[in-house]
Amino acid sequence: MIPSQALLVAAGAVPGAWLRFLLVNHLAERLPSRPWGTLLVNLMACFVLGWILPVLDRPGAPPGASLLLITGFLGSLSTFSTLMVELLTLRAPGAPVKLALGSLVGGSLALMAGLALGR
Amino acid sequence: MSWMPLPKSGGSAALGIASLRRLLTDLSFVALGAIPGSLLRWLVDNLAVVNLLGAFVLGWLIATAAGRPRAWLLVGGVGFCGSLTSFSGWILALHSRIQGSGWWVALAYWLLELLGGLFFSALGMGLGQWMQRRWPAQLGDCFKH
């Protein structure tokens, strides 16, 4: 572990986690249920990831930007563990299947939309 | 449906000194978990492994949260597990596999990780519920702020 690289990952991860925490809490009061907030944050991260990947691939992209923004910020912004718990605890019939399919289709579409924008 | 007894911070217009302090405390707790979580994900460098690990730990944390301080879920759940695991990386892996190995292989990997995540999350919850019955949380109030 190179200290300066670890610092970049952590420096991206903290605002990513903060944004997820604040957005999910904020949306939980306005949307019908908590999984909507998590899904929205996850899709947002997919979109930005798709947009930023080709941008950081270009020559002249600052070194370390990928660690800060992708590994740190976007990795922390999106979450897999919360989605799993939500899938397990959703009680409405059919809701877990809808959430899983919505995550798959929505995540893929968001990523592709981002990629199209970044190219 | 709210399975996570998370505090409502910052959402309302009534942002006095007390709620601002609470918000800053919450954010510090989240950061405290997010740093080791993201570093572990980076060091392990295998998203499927950390995603399954995070699903297990979060299941366990939620099942053992009753009677424990707020920091339990803020540091461990929102901060550590949330940062350790990544959804966008999971979708990116699906996308690369579609291009590398085709639709069916990519979807099979995706589904396998989904089922694995559900399994480990349920395993963590089961273990937590068992431990909670056996050793009920008692440190609760001494950490409350």
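Two residues are in contact if their C-beta atoms, placed from the backbone, lie within 7 Å. The model is predicted: local features need pLDDT of at least 70, side-chain atom pairs count only at pLDDT 80 or more, and totals for chains, interfaces and linings use all residues. Residues are numbered from 1 along each chain as its sequence is written, while chains are lettered from A and ligands numbered from 1 in the order in which they are written.

**Exercise 1. Describe the contact between chain A and chain B, with attention to the side of chain B.**

Step 1. Chain A gives 44 residues to the contact and chain B gives 45.

Step 2. Helices (H or I, at least four residues) and strands (E, at least two) are DSSP runs, numbered from the N terminus. On the side of chain B that touches chain A, two or more residues come from each of α1 (17–44), α2, α3, α4 and α5 of chain B. The largest share, ten residues, belongs to α1(B).

Step 3. Ala, Val, Leu, Ile, Met, Phe, Trp, Tyr, Cys and Pro count as nonpolar, Asp, Glu, Lys and Arg as charged, and the others, Gly among them, as polar. By these classes, this side of chain B holds 25 nonpolar, 18 polar and two charged residues.

**Exercise 2. State which elements make up chain A and what percentage of its residues count as buried.**

Step 1. Chain A has five helices and zero strands, in the pattern α-α-α-α-α along the sequence.

Step 2. A residue is buried if 20 or more other C-beta atoms lie within 10 Å of its own, exposed if 12 or fewer, and partly exposed in between; C-beta atoms are placed from the backbone. Of the 119 residues of chain A, 47% count as buried.

**Exercise 3. Explain why helix α4 of chain A is described as largely enclosed.**

Step 1. Helix α4(A) covers residues 81–89, and seven of these nine residues are buried, so the helix is largely enclosed by the rest of the structure.

Step 2. The buried residues in α4(A) are A:S81, A:T82, A:L83, A:M84, A:V85, A:E86 and A:L87.

Step 3. Their cover includes α2 (34–57) and α5 (95–118) of chain A, and from chain B α2 (47–63), α3 (71–84), α4 (87–101) and α5 (103–134).

**Exercise 4. Work out how α4(A) and α2(B) are oriented to each other.**

Step 1. Axes are lines fitted to C-alpha atoms, for helices over the stretch in contact, and angles run from 0 to 180 degrees between N-to-C directions. The axes of α4(A) and α2(B) lie 8 Å apart, at an angle of about 60 degrees.

Step 2. Angles under 35 degrees count as roughly parallel, over 145 as roughly antiparallel, 65 to 115 as roughly perpendicular and the rest as oblique. The two helices, α4(A) and α2(B), are therefore oblique to each other.

Step 3. The contact joins A:S81, A:T82, A:M84 and A:V85 of α4(A) to B:G54, B:A55, B:L58, B:G59 and B:I62 of α2(B). These residues divide into five nonpolar, four polar and no charged.

**Exercise 5. Decide whether B:W135 is buried or exposed.**

Step 1. B:W135 is found in the segment after α5 of chain B.

Step 2. Within 10 Å there are 9 other C-beta atoms, so B:W135 is exposed.
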